[in-house]
Amino acid sequence: MRLRFTVNGQPHEADDVWEGESLLYVLRERLGLPGSKNACEQGECGSCTVYLDGVPVCACLVAAGQAEGREVRTVEGLADGERLDPVQEAFVEAGAVQCGFCTPGLLVQTHDLLARRPRPSDAEIREALAGNLCRCTGYEKIMDAVRLAAQRTAEART
């Protein structure tokens with residue numbers, strides 16, 4: 001089947017998409033967007049999290065055909081050209097990026113959290129990121145990054 005959808009604001013087509021192909025596979029292998037990671041293929045780790053029509057989803061669990069006519073935003077789409085999103089900047093500055101495998105999903109989830117709750121409590125941060133697993137950082141640097149991103153986002157709005 002031919003898949004037509006919008007990715008990071010740009011229209012895309014993918015031909016010969018197999019019915020059982022995941023959105024993650026299409027993004028990485030057919031469109032050359034390697035940001036979302038393929039780790040568990042079961043929706044357990046969160047490393048493949050993308051926005052689908054503005055809602056975070058595990059791209060490994062979404063059949064590619066479900067994206068027909070819809071809008072996808074990946075971790076690559078958070079940046080504005082060469083300028084990183086404040087969430088991305090905060091993760092780099094706080095040292096929350098270790099091996100980088102979990103980072104794309106954490107960035108998308110944090111971006112979504114701060115859009116909904118500009119000043120989240122630590123409990124709200126933990127709840128929002130509960131579906132994202134990290135084996136390197138011990139989560140404290142991730143928490144620091146989310147707090148920093150929240151502070152900077154709030155300052156930018158005032």
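**Note on the five-stranded sheet and strand β3**

1. Five strands make up an open sheet with mixed pairing, in the order β2-β1-β5-β3-β4; strands pair if DSSP finds at least two bridges between them. Helices (H or I, at least four residues) and strands (E, at least two) are DSSP runs, numbered from the N terminus. The edge strands, β2 (10-14) and β4, each pair on one side only. On average, neighbouring strands are turned by 40° against each other, direction ignored; axes are lines fitted to C-alpha atoms, for helices over the stretch in contact, and angles run from 0 to 180 degrees between N-to-C directions.

2. The model is predicted: local features need pLDDT of at least 70, side-chain atom pairs count only at pLDDT 80 or more, and totals for chains, interfaces and linings use all residues. Residues are numbered from 1 along each chain as its sequence is written, and side-chain values use heavy atoms, with hydrogens and water left out.

3. In β3 (residues 49-52), Thr-49 and Tyr-51 point one way, Val-50 and Leu-52 the other, and all are buried (under 20% relative accessible area, 1.4 Å probe, protein chains only). In a regular strand the side chains alternate between the two faces of the sheet.

4. β3 runs antiparallel to β4 (residues 55-58), joined by four bridges, and Val-50 stands opposite Val-57. Two residues lie between the strands of this hairpin, where Asp-53 takes a positive phi near 50°.

5. β3 also pairs with β5 (residues 71-73), antiparallel over two bridges. The bridge partner of Tyr-51 is Arg-73, and that of Leu-52 is Val-72.

Terms used: Buried < 20%, exposed > 50% of the residue type's maximum accessible area, 1.4 Å probe, protein only.
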